[in-house]
Amino acid sequence: MGDINQKLYLQNFVKNVNGPILEIGSKDYGNTQNFRDMFPNNEYTGIDLSDGKGVDLVLDLTKTTEPLNKNHFSLIICCSVLEHTPVPWVMAQNITSLLRKGGALYISVPWVWRYHPYPDDYFRFSANGIKSLFPDYQWIASHWSTYITGEFAPIHSNKNDFDSQLSLMADTPKGKRKYLPYLMVNMIGTAP
């Protein structure tokens, strides 16, 4: 389950999926968007650390991938999950083992965000951080999103481009200071 911008991003960049879908972090907390409804004709498996609405299988991908089949999924959705694992590199290896060759991975992670423990909160990720976790993937879309519905901006690799200007100046009682708005990193990549 994700927020409205994560759902909009998925709708914009993943039009058709031929094959089974895995959603990591699928539990419905009552204030999240349902991705499952977007793919009514696909085999769909939702996993989470605890049981609840939207969860087909309770599973911790930092420990095992069983009983899921390797090289099985055409699309894996992982929104607002990697920051909650103390070993995201292990989860990344397990995700890669579950995605079939040429399958799509949709990752959305916080870059600038408040502390939000479930069960804890460990990391923030840049686009290059995601690329380092999934080094063999071809990344076909990378965008920032904010808390404003539908607000996306491309992530650039040129350090003098928009990305380096995301820090804004604010007036404070002690003068001007830099701050960053809430930003999420959203990326679609294909498996090697």
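**View 1. The whole protein chain and its surface.** The accessible surface of the protein chain comes to about 10000 Å², and carbon and sulfur atoms account for 51% of that area; accessible areas come from the Shrake-Rupley method with a 1.4 Å probe, and for residues only the protein chains shown count as cover. This is a predicted model, in which local features need pLDDT of at least 70 and side-chain atom pairs count only at pLDDT 80 or more, while totals for chains, interfaces and linings use all residues. Residues are numbered from 1 along each chain as its sequence is written, and side-chain values use heavy atoms, with hydrogens and water left out. Along its principal axes, the C-alpha trace of the protein chain spans about 55 × 30 × 30 Å. Of the 192 residues, 46% count as buried, where buried means under 20% relative accessible area, exposed means over 50%, and partly exposed lies in between (1.4 Å probe, protein chains only).

**View 2. The helices and strands along the protein chain.** The protein chain holds three helices and 10 strands, which follow the pattern α-β-β-β-β-α-β-α-β-β-β-β-β when read along the sequence. Helices (H or I, at least four residues) and strands (E, at least two) are DSSP runs, numbered from the N terminus. Among contacts between residues at least 6 apart in sequence, 69% join residues at least 24 apart, a contact being heavy atoms within 4.5 Å.

View 3. Eight strands, in the order β3-β2-β1-β4-β5-β10-β6-β7, form an open sheet with mixed pairing; two strands pair if DSSP finds at least two bridges between them. The edge strands, each of which pairs on one side only, are β3 (57–58) and β7 (152–154). Strand β2 (residues 44–48) runs parallel to β3 and is joined to it by two bridges, and Ile 47 has Leu 57 in β3 as its bridge partner.

**View 4. Helix α2 against the sheet.** Helix α2 (residues 88–98) lies across β1 (21–24), β4 (73–79) and β5 (99–112), and runs at about 150° to β5; axes are lines fitted to C-alpha atoms, for helices over the stretch in contact, and angles run from 0 to 180 degrees between N-to-C directions. The buried residues of α2 are Pro 88, Met 91, Ala 92, Asn 94, Ile 95, Ser 97 and Leu 98, and what covers them includes β1, β4, β5 and α3.

**View 5. Loops with backbone angles to examine.** Most residues other than glycine have a negative phi, and most peptide bonds are trans. Ser 80, in the loop between β4 and α2, has a positive phi of about 55° although it is not a glycine, and is partly exposed, with a relative accessible area of 27%. Pro 119 is placed in the loop between β5 and α3 (127–133), and the peptide bond from Tyr 118 to Pro 119 is cis, with omega near -15°.
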